[in-house]
Amino acid sequence: MKYDNITEGKFIERPNRFIAYVEINGKKEKVHVKNTGRCREILIPGATVYLVHNSNPTRSTYYDLVAVKKQNRIINIDSQAPNAAVKEWLCQGGLFSDLTLIRPETVYKDSRFDFYLERGEEKILLEVKGVTLENNGVVSFPDAPSERAVKHVGELIDARKNGYRAVILFVIQMKHARMFMPAGEIHRQFAEKLAEAKKNGVEILAYDCEITEDSMNISEPVPVRLKEILRFDLLSSIPNPLLRWYDENRRILPWREEPTPYRVWVSEIMLQQTRVEAVKPYFERFMGAFPDIESLAGADEQRLLKYWEGLGYYNRARNLKNAAIQIMNDYGGEMPDAYSDLMKLKGIGSYTAGAVASIAYGKCVPAVDGNVLRVLSRVRMDDRLISDPRVKVAVEQELQEVIPSDRPGAFNQAMMEIGACVCIPNGAPLCGKCPLSSFCLAYRENKMSEYPKKEKKKDRSIEQKTVLVIKDDNRIAIRKRPDKGLLAGMYELPQLSGFLTSEEIIQILSEAGLHVIRIQPLEDAKHIFTHKEWHMKGYLVRVDELEPPFPTGEGKDWLYADIREIKEKYPIPAAFTAYSKYVDLKSGMDGYKEV
Ligand code: SF4
């Protein structure tokens, strides 16, 4: 299919579906857009566009916009082009050989289809859909909800039942598409109807096109992925087997057996980024120290952090306290039960709000965390990136439709449980024990390790440090970390940037007024945070006496305390475990176990 009189221009704006403004030869021209779809992602200001001169004298526009350049390829957006290209292709023997009749536009019941074809006795209805929506090689249809499209698919199912061969042909108006999927997020009914059509024997095909500035010709078949459509059907298959499995296999956990709003909230915050087994002893001890919202709101921060010592991500503890203060001030000390009110509390996002509302109050809302996203990604072979916050929002909405209203809390806990115990994040999932395996797509295709899809992780930055265990007869030097940033407000063994030698350390300590009696190198250690790694060299330094530090220079902010005092008062994070053991000072989780 070829256009005459192609002109190039620069897209300026599109005030409505029919009209656009384009700069042609330095002049702003009003042009007609030959596609009433949105095409928003390609018709962007400054894009190179291609226009044909229209010869209709009754038109107020002289040009029709038919194609757009996106990076290095041209996308044709002319909604009449697919039918014209298909007709040419059919005439050349494309798609079907030996056709005895090709008739464009035919009426079947209440629908008008693009082609009626005959091949001997065989009667074929062919519906053509142009596809211009593309993202990362995946093309989809429609780009806006279309009731007409759903109706056409329904009529094709009917025609198939009445003896016709029925075909839907998606003509991808560009080259290099990896696959076609129905745009389930944009128009769910169309996606579902297409799945139904496929089940009923309607053929669903996609072909890309060779596109130049002035031509468009059907080229190669493109894989059609209808699993995307199954997303919705698959979700509704989950609750029954999942709840049956949960009732028989759920773990007994302290917060589960007495699911008050306060206990559910604290446990969910502790469980973020932390394993259940590690949380258990912390939870009991925390509940002993801060048994209710009031005691948490009034907690001394240093004491609070001491009870959190070793769990990491210390802002969680501070947020708990701040939210407790909010609850005291705004809700009379009662944890609110509405999802929207829970979301207003410090440190509570959609997951925790969903968990508290559903588990403690029986509200029908989902709780979607990384575990749930992973399980659903595998069950549905969902190519969406689970790190994308928009995907989490979409999954929350999807789950909202299938969460059982009589057991929302159990459903959410069952989803978390299966993610933690069966469909595990590291290592092979235990599909043989999984209640979802009968319909899990990843399991069926043995592609469990390929889901969820992940973005390449950014490399962590590496910081080199020298950690000093400085002691005299009774005391050890420690230092408070800044109130903001990594391990904010915690205490640490003094550390210096870079890897230093014994001589350099002796020099620095003597400038700080300390007389070194003995210095002993310790083993190297590494601590990994989410975005950075500390690579550490350590020294055990014996000084004659820890004198009050000089007011300036290294050591000015050190404080000296004996082991017992540190254990009681000063939270030391797990990053220092490799060195704190040399003074019998256990840090992080180890320190916690001992208290
Ligand atoms: Fe995960 Fe396997 Fe279950 Fe699928 S069958 S949800 S991959 S454990």
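Modeller: The ligand is surrounded by Arg 378, Val 379, Val 422, Cys 423, Pro 429, Cys 431, Cys 434, Ser 437, Cys 440, Tyr 443 and Met 448, where a residue counts if one of its heavy atoms lies within 4 Å of the molecule. This is a predicted model, in which local features need pLDDT of at least 70 and side-chain atom pairs count only at pLDDT 80 or more, while totals for chains, interfaces and linings use all residues. Residues are numbered from 1 along each chain as its sequence is written, and side-chain values use heavy atoms, with hydrogens and water left out.

By class, this shell has nine nonpolar residues, one polar and one charged; Ala, Val, Leu, Ile, Met, Phe, Trp, Tyr, Cys and Pro count as nonpolar, Asp, Glu, Lys and Arg as charged, and the others, Gly among them, as polar.

The space taken by the ligand is the largest cavity, a cavity being a set of points on a 1 Å grid over the protein atoms alone where a 1.4 Å probe fits but cannot get out, with lining residues having an atom within 4 Å of a point. A molecule sits in a cavity if more than half of its atoms lie within 2 Å of its grid points.

About 100 Å³ of space lies in the largest cavity, a volume being the space filled by probe spheres set on the points, which are joined across faces, edges and corners. Of the 14 residues that line the largest cavity, Cys 423, Pro 429, Cys 431, Cys 434 and Cys 440 are the closest to its centre. The lining of the largest cavity has twelve nonpolar residues, one polar and one charged.

Notes
On a 1 Å grid over the protein atoms alone, a cavity is a set of points where a 1.4 Å probe fits but cannot get out, and a pocket is an open set with protein on both sides within 12 Å along at least five of seven lines; lining residues have an atom within 4 Å of a point.
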